[in-house]
Every structure is written in structure tokens, then in C-alpha cells.
Amino acid sequence: MMDALVVGAGPTGLTMAAELARYGLRCRVVDQLEKPSMLSRALAVQARTLEVFDDFGIADQAVSRGRRAEGFNMVGAGGVHTRVPMQAFSWLETRFPYILMLPQDATEALLTGYLGTFGVAVERGLALEDFRQDAKGVEVTLKRADGGVERVSARWLIGCDGARSRVRKLTGIPFEGETYEDACVLADVRVEWPLGQGELCIIPSMHGVVGAFPMPGENRYRLFAIMPRDMLPEGDETTPLSLEEMQAIVDRMVPVPVRVSEPRWLTRYRLHRRGVPRYREGRVFLAGDAAHIHSPAGGQGMNTGIQDAYNLAWKLALVTRGHSPESLLDTYQQERHPVGQTLLAGTDRIFGIMARGGRTSRLLRAYVVPRLARGLLGNTFAQRRLSRFVSQLAIHYRNSSLSTERLWGEEAGGVRMKEGPAPGERVPELPVTGEGVTRLHEVLRGPHYTLLLFTGLAPEARVRSDLVALAHRLEAAYGSLLRARVVVAGEGMPAPFVLADEGGALHRRFGAGAECFYLVRPDGYVGHRERPIEPKRLEAELTRRLGSPGTNDEKRVAG
């Protein structure tokens, strides 16, 4: 019996399979398509997804193949123009303070190559036919393109098979929501116009809204247009979209001269807003578009699916390998379902502002909203709110049962511990040196928990031998499950298990004025924080999350 069968080899399924393989699980990933799609569906890769790719070691490849969005423009009737530069969002505390435009086929190629480093290949031309599950596993029937049938057994079945998910349908999980009435068209084309190259553009008009997303290549853009259905110039939703029709649409809706040419992809589509009430049914899980679909507002869909997989994979690994109880898997629903619901609500609001309503709403969008945007988007507070939402760096799991703390915020030695990333929040990227690293996320990189033992900012704080010994002992006890490091303020001599926080910025950002520790989950979110460092309490917390020291894969449930 294999550990997991992943159905669907899009970005979500590839991420899921690669993460499971990185944790040492035996898995397969199947897709009914006989070859990868060459269509560049999803395009925007957000900062949090690039951080995930950084953990995988493929972020630099993604950045080199993509194109950074250099600005955001809103263009209204009469050419009223608001522009916000997008390269200066330093407050995001990330190595990637921008949106990367990378076509989905390129993203899939990167993830497929990464998956291959674990000796796992996508098995194509295999469709899920049926399955049944019991307390021990899932029996799955796969159908090959030639009509042949294969039956396989797995501990877990993971549906990453998109909006029409066969896995979801067979579980009986409803897909609740609505289909928008508006007509939509999409084009991957060359665009010549007076607006800035390499910049995002949203263009509301009396006839609907046009969005333009820059792509790699000179003057290449992904254009989409959303309009009332009765404004389609010709044909219906089943009629192929022609370049001439796309040109007519932009001529009518864009208030500056524009010419489209060299089409790679032209299509019509419908927008939906749908989500599942639960992400799990026994030994079956849903992720990505199988669990939630929405309008393309904000470029969130693919990124959310990748992070669904990133959240679930480490939990499946710890449970399957016998380190954690199966109840850990309940936190996938607990953490990701609210994210999905917030996403659906947020993109629906953006869609409503930009596209819904009658003549009065269209008048406001075309003539009033672009003028209001000048003041709103020029405000630093608004820019920060918008950038944190779009980048997905503001996503948190503060209400999760996995997010805990002890004696935080109480007085200790004259230092009050209030600041710092709270349990359930993402660990920010900051400089730190030692053991060949220059930034904090390099320390977190890998399939393990990370224990950060802060010595504090008091003048007498130093690299204490007892903390170094504690870090060494705990890492030895838990092996690949845990990386433990002592963080000392100021310049530090190179030493094993020690990181230097020169200038104390990391201590201040983490509210570590006094001795404390942070336990960071494998997905880069704070799981637990506590002060002061009391070894017995610390070891009890590790036991609660990772089992007793020495727990190993021999304790896996026999299959």
C-alpha cells in the first residue's frame, strides 16, 4: 500500500506530491491529460508562493523565467490614470516584495522538475474512475486512456483535480456558490498601447471592465474582459473567440489607442464563486480548485491551491510516519477553510466593485472610481493593506488549535514581551548570520520544525553554553524532525548551533527583549512561543507536537 495518491497534476497536485515525497512518503500523482496543457491559465505568482518555492530551492529559477509587475494602473473614461509603483513594498518583510508574472505552464514545468528530484514522475492518461475507503485506507480504480483499468491502494487520497473534481463528486461534498451572469473573454496576445509596459492595468468602462497582466516577452499581455452578456458583439459562449472580436472589445472598452496581435490563446469562459463546506471526508482530502473557485481578482487562485498543499503535506507526513496523532489532520480544515472563505468573499467584493451592477454602477466605475483611486491608492496605509492581501503574506492561523503560547506579554526582568509574530502568524524574513546563512528563511528551509532560542537583549545576554547544549541535545533526539538554533544579539563568533543577530533587529522584531523561544512549524508559521526558556516545558511541548524523542518511522501503522 502506498502512502498517498494525488489526483491532478496542476500546480496544487505537483506541490502536494513533491512535498509528500520530500518528507519520505511513497506517493503517486496521476492526471487524465496525456500531456501537460500548454495554455498559460494562472499567471500571477504571489510573494508567499515564491517563499514556498524558496523553501523548495526553485524560487530563483521562477524569478528568472518570469516578469515582475512594475506598477499598477487604473484607467477610467477619458483616460483618467492612476498609477502605483510595485517595486517598493519593503514593508512586506519578504525577499519577494512584488508580483511575479509567470505563465502556469512554466510554473508546472518547474514543479514537475522539482518533483522529479525525488524520483517521482507524473503518470498521465490515468483518470480516477471510482474509490471506496475504510479505516485502513482507500481502494481506488483508475482508468487508462486505452480503456484499461488499474486498482491501487493508498492510505490517503488527495483531490487536486480542479473545479470539476471527480474526487469531490465521489465523496458527495457539495460545491456551494453561484455562477456569475457576466460574459468573459480571455486573450494571450501582443498589445501595443501608450500605457506603461510590464504593468498591471484595470480599465473600468461603461461596457464592463478590462484587465491587462504583463507576461514574459516584449509587449505580451494576458487580457481579460468582463461585460454584461448582452454586450457580446457576436456569437455566444460556444463560439470560438476571434482576434477580430477581441480587438472590437478592447476598442469599445479601452479609452486609449490599442492594437492586439499575435494571439497564442483566445477563449470565452464563465466565472464562478464556489466552495466546499469541508476539505476532508475520512481519508480523502480536497485542495486547490477542487475546494474553491472564484473570479481572477487579485490573482489568488493558483497561489491558494499551492498553499493548501503546503499546509496539508507536512501534517500527512507526521501522521503517516507515526510522529503525530491523526487528529493533527483536522487542523487542515480548521486552518485552510477560513482562508478559502475569506478568499471567496474578498474576490467577490472586488468583482462586485469592478464588474457588477447596472448602468448607474458602470457610470460610477468609469468616471468616479478612477478619480477616487488617485487618493486611495496613493495612501501608504491603503497600499499596505492591499499589498498584504494580494501577496497572501497576511494569511494567519491565529485561531488554530496548533497556535499556542505561554507567559507571553508578562513582565520579566524589566522587559515586557508584547511584540513579535504571534502564534499562527508567518515568520517574517530578516537578516541573520551563521552556519553559511544570511537570512532567517534559509534557517527554516527544509521539512522540519525549527526551534529558535533567543538569548535576549540584556547587556549580559551571551551565547550560553547551556542553550547550545540544549539545542544540540534536542536536535540529536529528534533527528530530521527538528532544527534547533541559539540566536544571540550582536556579532557572534562562528559556532555550531549559533546564529548572530547583528544589531539586534531580529530580537526586536520577535519581541525577544528577554530570553524566550519560538517553535516554527514546517510551513513557516509560528506554532508556539514561550518565555523564559525552561527545558522541561520546552521538551513537553516538543513531545506534544512530535512525539517522544526517538520516535521514528518504524512506528508507522502497518499497511
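Which strands does helix H6 (residues 243-253) lie across? Helix H6 lies across strand S13 (183-192), strand S14 (200-205), S15, S16 and S17. The model is a predicted one.

**The seven-stranded sheet**

- Seven strands make up an open sheet, in the order S6-S5-S14-S15-S16-S13-S17.
- The pairing in this sheet is mixed.
- Strand S6 (81-85) and strand S17 (259-269) are the edge strands. Each has a single partner strand, so one side of each lacks a neighbour in the sheet.
- From one strand to the next, the twist averages 15 degrees.
- Helix H6 runs at about 100 degrees to S17.

**Pairing within that sheet**

- Strands pair through backbone hydrogen bonds, in either a parallel or an antiparallel sense.
- Strand S5 (residues 71-75) is parallel to S14, and three bridges link the two.
- Phe-72 has Leu-200 as its bridge partner in S14.
- S14 and S15 run antiparallel, joined by five bridges.
- Ile-203 has Val-210 as its bridge partner in S15.
- S14 and S15 also form a hairpin, with two residues between them.
- Strand S15 (residues 208-214) and strand S16 (residues 220-227) run antiparallel too, joined by six bridges.
- Phe-213 has Arg-222 as its bridge partner in S16.

**Burial of S14**

- How many of the six residues of S14 are buried? Six of the six are, and the strand is mostly covered.
- In a regular strand, side chains alternate between the two faces of the sheet.
- Leu-200, Ile-202 and Pro-204 point one way from S14.
- Cys-201, Ile-203 and Ser-205 point the other way.
- The residues of both sets are all buried.

**The three-stranded sheet**

- A second open sheet has three strands, in the order S12-S18-S21.
- Pairing here is antiparallel.
- Strand S12 (176-179) and strand S21 (292-293) stand at the edges. Each has a single partner strand, so one side of each has no neighbour in the sheet.
- Four bridges hold S12 and strand S18 (residues 272-275) in antiparallel pairing.
- Glu-176 is opposite Gly-275 in S18.

**Helices H1 and H4**

- Two packed helices are described by the angle and the distance between their axes.
- For helix H1 (residues 11-22) and helix H4 (residues 104-116), the packing angle is about 15 degrees and the axes are 9 Å apart.
- Angles under 35 degrees count as roughly parallel, and that makes H1 roughly parallel to H4.
- The crossing of H1 past H4 is left-handed.
- On the H1 side, the contact is made by Pro-11, Leu-14, Thr-15, Ala-17, Ala-18, Glu-19 and Arg-22.
- On the H4 side, Gln-104, Glu-108, Leu-111, Thr-112, Tyr-114 and Leu-115 take part.

**Helix H2 and Thr-49**

- Helix H2 (residues 47-56) contains Thr-49.
- H2 is mostly covered, with ten of its ten residues buried.
- Charged residues are among the buried ones: Arg-48, Glu-51, Asp-54 and Asp-55 are included.
- Also buried in H2 are Ala-47, Thr-49, Leu-50, Val-52, Phe-53 and Phe-56.
- Why does Thr-49 count as buried? Its relative accessible area is 0%, and the cut-off for buried is under 20%.
- Thr-49 contacts Asn-303, Ile-306 and Gln-307, leaving aside neighbours within four places in sequence.

**Gly-424**

- Where is Gly-424 found? Gly-424 sits in the loop between strand S24 (415-416) and strand S25 (431-434).
- Gly-424 has 0% relative accessibility, so Gly-424 counts as buried.
- Gly-424 touches His-396, Tyr-397, Arg-398, Ser-403, Tyr-525 and Val-526, not counting residues up to four places away in sequence.
- One of these, Ser-403, is 21 residues from Gly-424 in sequence. In space, the two are 5.1 Å apart, C-alpha to C-alpha.

How values were computed: Residues numbered from 1 in each chain as written. Predicted model: local features only at pLDDT ≥ 70, side-chain atom pairs only at ≥ 80, totals over all residues. Heavy atoms only, no water. Pairing = 2+ DSSP bridges. Axes fitted to C-alpha atoms, helices over the stretch in contact; angles between N-to-C directions. Contact = heavy atoms within 4.5 Å. Parallel < 35°, antiparallel > 145°, perpendicular 65-115°, else oblique. Left-handed = near helix turned anticlockwise from the far one by under 90°. Buried < 20%, exposed > 50% of the residue type's maximum accessible area, 1.4 Å probe, protein only.
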